[in-house]
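This report describes how the parts of a protein model are arranged and how they touch one another. Please keep the structure in view while reading.

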Amino acid sequence: MAEEKKAEYWRWTEARWTNPDIKWQDGKILTAGVDVGSVSTQIVVMVDGKLYCYSNMRTGSSSPDSAKNGMNWALEGTGLTVDKINYIIGTGYGRVNVPFAHRAITEIACHARGANFMYGPTIRTVLDMGGQDCKAIKCDEKGKVVSFLMNDKCAAGTGRGMEVFADLLQIPITDVGAMSLDVPEEPPPVSSTCVVFAKSEASSLLRKGWPKNKVLAAYCSAMAHRIVTLLERVGVEKDFAITGGIAKNIGVVERLKKELKIDIAKTQLDPQIAGAIGAALFGKTLIEKGKT
Amino acid sequence: MITAGIDMGAKNIKVIILEDGTVKGKALTPAGLDAKVALETAYGAALKDAKVTKADIKHITATGSGREFVDFANDNVSDVTSAARGAVHFYPNAKTVVDVGAEEGRGIRCDKNGKVMDFAVNEKCAAGAGAFTEAMARALELKLEELGPLSLKSTKAVPMNAQCAVFAESEVVSLVHAKTPKADISKAIHDAIADRIISMVRKVGFEDDIVLIGGVAKNVGFVAAMKRGLNKDIKIPTDPEFVSALGAALEAADKVKAGGK
């Protein structure tokens, strides 16, 4: 039987970047944040508290290898080597398995700190929508966590759920958000919470003749609604920022904005690197306080 | 007197033709893409199996999540009612009925007449339903029927951390990559779903006799995990997936006796 070639619609774009305005050789304190998530891994290197370079790639089957590969890619072409970095902090789901990290800090603390850096000190609520969990975090003007709630038990409302839908509808995950907004009117949200059941529901909507963008609209709106219920339990205070991969899905973000009736802070940076930025900043603070 | 019970489930349609308390015929058809065609097929097959015609049926009672869909039924009863009624027919001492279908799980407390006293349902999450084992069989590249028997060959306990079927699928794939024997993974899968079901049924309480029905009761791995988890005996009727349809047919017979059409 001929094997059908299966396209991987869930695959998102990996990236790396170097700040052309900084020479690491001139820096006093070099720190790195290594955020090994269940789905993606980000490495950020900061020179004296300024973003120098980063990489953002998929997590492989082993956390230590993902951390090493991510670090190699982040440092590619910079001439910088791991041993020259003064302090490295691991965070995320695989934080205890980062071979070159000096310390591990939870991703909750790192995302709040990173959001404070990326979006400014007025941020009071951070929604981190990751690959396999979703966290609603309240923080103060220093990016310190005041309280948080998370869902890490259920795929509904996480990036994994969105990947399942991208695969089902055979739409590249990076196109899902924009396509979902291209509907003449908003359809009722998918009614099943469970991703497994939502998948069957979507299949039956497709059989009924719904176009793919309408099904995506129904799913993005269900996901937004699910996340709103989590946010409401922790309480949403201005300013509000979203980090993590789903922050790039405009279909979910726009619907969240509408349902919450709140503006969402903007950044020029990749919202997926917030955790790694926070980790690198913690590294700098620890060095300055002599607590290494 | 001949009556029919039709259980319109999420995955399969089950039909029982009952004559004076005895099953005359039965049929099971996957609900598939066109439920109307599947329903006609299932009903026709059950009539044929019982060697009767539509005209012989005095009353049809529908049940199951799609019970409203059975437009030719005289009436319908809830899944919980039919499950308890059918279970007590087989085991008159049944006090706790656990019904696990493709997309739902139920725990029911009932009296000796099969009357429902209390119940708990999970219809929101695949982790406590047959859909969980189906997804796991796919992740293990096994047929669903192979999963249960294989789990009985397990020699080592492996932990499953994920509750969600979607996350558990990734976990199973990682376990396979780590060369964990499929038998051990399979046992962990059944323990996981049994845990979910048991914690749901605990809301109504377990009291003997405990009767397990629904399609998932045919899975020997799940039954073993339930027995392990509860440390109690569990009774399982011969065709556990037909118990609700039978319960509906019994309800239909009551209606006729009570003088209704």
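The sections below treat the domains, then a sheet, then a pair of helices, and finally the contact between the chains. The model is a predicted one.

**Domains of the two chains**

Chain A is divided into two parts: domain 1 covers 15–118 + 272–288, and domain 2 covers 121–264. In chain B, the domain assignment gives 1–91 + 242–261 as domain 1 and 92–236 as domain 2.

| Chain | Distance between domain centres | Residues from domain 1 | Residues from domain 2 |
|---|---|---|---|
| Chain A | 26 Å | 14 residues | 21 residues |
| Chain B | 26 Å | 16 residues | 22 residues |

Which helix of chain A supplies the largest share of the domain 1 side of this contact? Helix H2 of chain A (residues 107–119) does, with eight residues. By class, the domain 1 side in chain A consists of six nonpolar residues, seven polar residues and one charged residue.

In chain B, the largest share of the domain 1 side comes from helix H2 of chain B (residues 79–90), which gives nine residues. Here the domain 1 side has eight nonpolar, five polar and three charged residues.

**The sheet of chain A**

Chain A contains an open sheet of six strands with mixed pairing. The order of its strands is S1-S4-S3-S2-S5-S6. Strand S1 (15–18) and strand S6 (103–104) of chain A each have a single partner strand, so they stand at the edges, and one side of each is left without a neighbour in the sheet.

Strands of a sheet pair through backbone hydrogen bonds, and the pairing may be parallel or antiparallel. Strand S5 of chain A (residues 87–91) and S6(A) run parallel and are joined by two bridges. In this part of the sheet, Gly90(A) stands opposite Ala104(A) of S6(A).

**Helices H5 and H6 of chain A**

Two packed helices are described by the angle between their axes and the distance between the axes. For helix H5 (residues 195–207) and helix H6 (residues 212–234) of chain A, the axes come within 10 Å and cross at roughly 155°. Angles over 145 degrees count as roughly antiparallel, and H5(A) and H6(A) are therefore roughly antiparallel to each other. Their crossing is right-handed.

From H5(A), the contact involves Ala198(A), Ala202(A), Leu205(A) and Leu206(A). From H6(A), it involves Val215(A), Ala218(A), Tyr219(A) and Ala222(A).

**The contact between the chains**

Chain A and chain B also touch each other: 14 residues of chain A are in contact with 14 residues of chain B. On the chain A side, helix H3 (159–169) and H5 each supply at least two residues. H5(A) gives the most to this side, with four residues. The chain A side is made up of seven nonpolar, four polar and three charged residues.

Note on methods: Residues numbered from 1 in each chain as written. Chains lettered and ligands numbered in written order. Predicted model: local features only at pLDDT ≥ 70, side-chain atom pairs only at ≥ 80, totals over all residues. Axes fitted to C-alpha atoms, helices over the stretch in contact; angles between N-to-C directions. Parallel < 35°, antiparallel > 145°, perpendicular 65-115°, else oblique. Left-handed = near helix turned anticlockwise from the far one by under 90°. Contact = placed C-beta atoms within 7 Å. Nonpolar A, V, L, I, M, F, W, Y, C, P; charged D, E, K, R; others polar. Pairing = 2+ DSSP bridges. Domains from an automatic or database assignment.
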